Amino acid sequence: MSIAISDEMRKCLDERQKKKFAAIRKEAIYDRELRIPVRGAQIRCLEYAPRENGQKLPVIFDMHGGGFTNGYPEENDLMCRQMCDRLQARVFSIDYRLAPEFPYPEGQLDVYETIRYFAAHEDAFQIRADRMITIGHSAGANYALTAAMRACEEHTFSLRGIILDYPPLDMVTPAKDKFYTEGCIPMELSDLFNACYCLPEQAGEPFCSPTFAPDELLRCLPPVTILPCEIDSLRDEAEQFALRLARLGVEVTLRRYVGLSHAFNLNYDLPASQESIDMMVRQAGKYLQ
C-alpha cells in the first residue's frame, strides 16, 4: 500500500531522483546485475567480485541512501569497488524499493529478505554465510540495522558486524525539534521524507525507529560502527544510540566527522570522502576476520 502525497511533493521527489541519476557514473564498475526473489518482486542487486577468485568469500551488503524515497545503488560504485578489492570480499549493493509507493516496512523487508536469500544459497553465490556484514548510508543505514534486528528476532541469519553511515534512527521527533544549523538537511525536506516513508502511528515502531527498540532486541546485535556527521540533524540520535548500545554491552565504535555534513562522502573529490571509505574498510575488515 502506497502513501498518498501531493503533486508538489511528488515533483520534489522526482526532481531529486533525476539529479541523482544524472550524477551516476556512466561507466559501470560492478561485475554483474542480479535479481533476487522476495515477496512478490525481484530485487535488483549489483555484485562486485574480486578478480580471479572462485572461492567462497566473505560478503558485504551495501544499502544506498536517499531519504527512503530516492537514490540508486550505483551512487556507491566507487566505495563498493574499493571494499571488494581491498578486502577480497563479495559486495552486493541492494536496490530496495522506494517510498511512497513502497512505504515502511516494504523497502526494509526487501533488504532483510534479500540478505536472507543470499545466506540460504551461499554455495550458489560463492559466499560465506558465517562472514557477512551490512553497511548502510543514511536511509540505507536504517535498513542495515533493522535487517540485523529482524535476523536476531527471527533467528534467520547472523551478521559479524554493522556499519551505520550517518543513520536516521528516530522517525518520531519532527525535524524542528532536532539539532539544526546551516548545512543540515533542510527541515522541510526531512519532514517530506518521513511523511513519505511511514504513517504517524507507525513511526515509533522499533523497526521503523530503532531509537525506540527494546533493550532485549538490541542486546543481540553484533558489533556496530556508527559514523555521524557534525553538521547533520541526525547527529544526536546516532550518538545517543551508540551510547545506549554501549550501556547494553554491545561493542560499539563511534566516530563523528567534524566539520562535515550529511552524505559528504558521495563527493569523491573531497579528501574526507576517501578517509571515510578507509574507515569503513578498516571496520569491515575487522568484522570479517
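Strands β3 and β4 run parallel to each other and pair over five bridges (strands pair if DSSP finds at least two bridges between them). This is a predicted model, with local features needing pLDDT of at least 70, side-chain atom pairs counting only at pLDDT 80 or more, and totals for chains, interfaces and linings using all residues. Residues are numbered from 1 along each chain as its sequence is written, and side-chain values use heavy atoms, with hydrogens and water left out. Helices (H or I, at least four residues) and strands (E, at least two) are DSSP runs, numbered from the N terminus.

- In α2 (residues 77-87), the buried residues are Asp-77, Met-79, Cys-80, Arg-81, Met-83 and Cys-84 (buried means under 20% relative accessible area, with a 1.4 Å probe and protein chains only).
- Those α2 residues pack against β2 (41-48), β3 (57-63), β4 (90-95), β5 (127-137) and α9 (271-288).
- Helix α6 (residues 187-197) buries Leu-189, Ser-190, Leu-192, Phe-193, Asn-194, Cys-196 and Tyr-197, and their cover includes α1 (7-23), α3 (106-120) and α5 (139-154).

**Two polar side chains to look at**

- Thr-225 is in strand β7 (residues 224-227) and is buried, at a relative accessible area of 1%.
- Its side chain makes polar contacts with the side chains of Gln-283, at 2.9 Å, and Tyr-287, at 2.6 Å (a polar contact is a pair of N or O atoms within 3.5 Å; within protein, one must be able to donate a hydrogen and the other to accept it, and residues adjacent in sequence count only if both atoms are side-chain atoms).
- Beyond neighbours within four places in sequence, the contacts of Thr-225 also include Ile-162, Ile-163, Leu-164 and Thr-253 (contact means heavy atoms within 4.5 Å).
- Arg-131 sits in β5 and counts as buried too, at 19%.
- A polar atom of the Arg-131 side chain lies 3.5 Å from the backbone oxygen of Leu-288, and one lies 3.2 Å from that of Gln-289.

**Nonpolar cores**

- The largest nonpolar core has 58 residues, and Phe-61, Phe-118, Tyr-197 and Leu-221 have the most contacts inside it (a core is a set of buried Ala, Val, Leu, Ile, Met, Phe, Trp, Tyr and Cys residues joined through side-chain atoms within 4.5 Å).
- Helix α5 supplies the largest share of this core, with 10 residues.
- Leaving out neighbours within four places in sequence, Phe-118 touches Leu-34, Ile-36, Cys-45, Phe-61, Phe-92, Phe-125 and Ile-127.
- A second, separate core of 27 residues has Met-83, Ile-163, Met-279 and Tyr-287 among them.

Note on methods
Buried < 20%, exposed > 50% of the residue type's maximum accessible area, 1.4 Å probe, protein only.
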